Amino acid sequence: MHLEDGRYAIIEFKLGSSFINEGAQNLNKIEQLIETYNTKYPNMKTRTPDLKIVITAETYGYKRDDGVFVIPIGCLKD
């Protein structure tokens, strides 16, 4: 998800609660790749994601210690 002011979120969908850790690890890897790129090419920095979100069929939403938000898909309806 990308906003007009340049902020963006990276999002991964995982259907089962057993896959939340996998989704969070993938999002953290992407963020780490961006940080590595920014270190290697300081004159062409890429903004790091403002939000990392795993959308799942869980009942409750929460923020993990690694900064990844877990959001139930039911929260996305009107």
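Tutor: We can go through the fold, then the sheet, then the surface. Keep in mind that this is a predicted model.

Student: How many helices and strands are in the protein?
Tutor: The protein has 1 helix and 4 strands.

Student: And in which pattern do they follow along the sequence?
Tutor: The pattern is β-α-β-β-β.

Student: What order do the strands take in the sheet?
Tutor: The sheet is open, its order is 1-2-4-3, and the pairing is mixed. Strand 1 (9-14) and strand 3 (62-63) are the edge strands, each pairing on one side only.

Student: In which sense do strand 2 and strand 4 pair?
Tutor: Strand 2, residues 51-56, runs parallel to strand 4, residues 68-72, and they pair over 5 bridges. Within this region, Val54 stands opposite Val70 of strand 4.

Student: Which strands does helix 1 touch?
Tutor: Helix 1, residues 20-40, packs on the sheet and touches strand 1, strand 2, strand 3 and strand 4. Its direction makes about 155 degrees with that of strand 2.

Student: What holds paired strands together in general?
Tutor: Strands of a sheet pair through backbone hydrogen bonds, either parallel or antiparallel.

Student: Switching topic: what percentage of the residues count as buried?
Tutor: Of the 78 residues, 29% count as buried. The accessible surface is about 5,700 Å², and carbon and sulfur atoms make up 55% of that.

Student: How many positive and negative side chains are there?
Tutor: There are 10 positive and 11 negative ones, and the centres of the two sets lie 4 Å apart.

Student: Last one: what does the C-alpha trace span?
Tutor: Along its principal axes, about 45 × 25 × 20 Å.

How values were computed: Residues numbered from 1 in each chain as written. Predicted model: local features only at pLDDT ≥ 70, side-chain atom pairs only at ≥ 80, totals over all residues. Heavy atoms only, no water. Helix = DSSP H or I, 4+ residues; strand = E, 2+ residues; numbered from the N terminus. Buried < 20%, exposed > 50% of the residue type's maximum accessible area, 1.4 Å probe, protein only. Areas by Shrake-Rupley, 256 points an atom, 1.4 Å probe, with all protein chains shown as cover. Lys, Arg positive; Asp, Glu negative; His and termini not counted. Charge placed at Lys NZ, Arg CZ, Asp CG, Glu CD. Pairing = 2+ DSSP bridges. Contact = heavy atoms within 4.5 Å. Axes fitted to C-alpha atoms, helices over the stretch in contact; angles between N-to-C directions.
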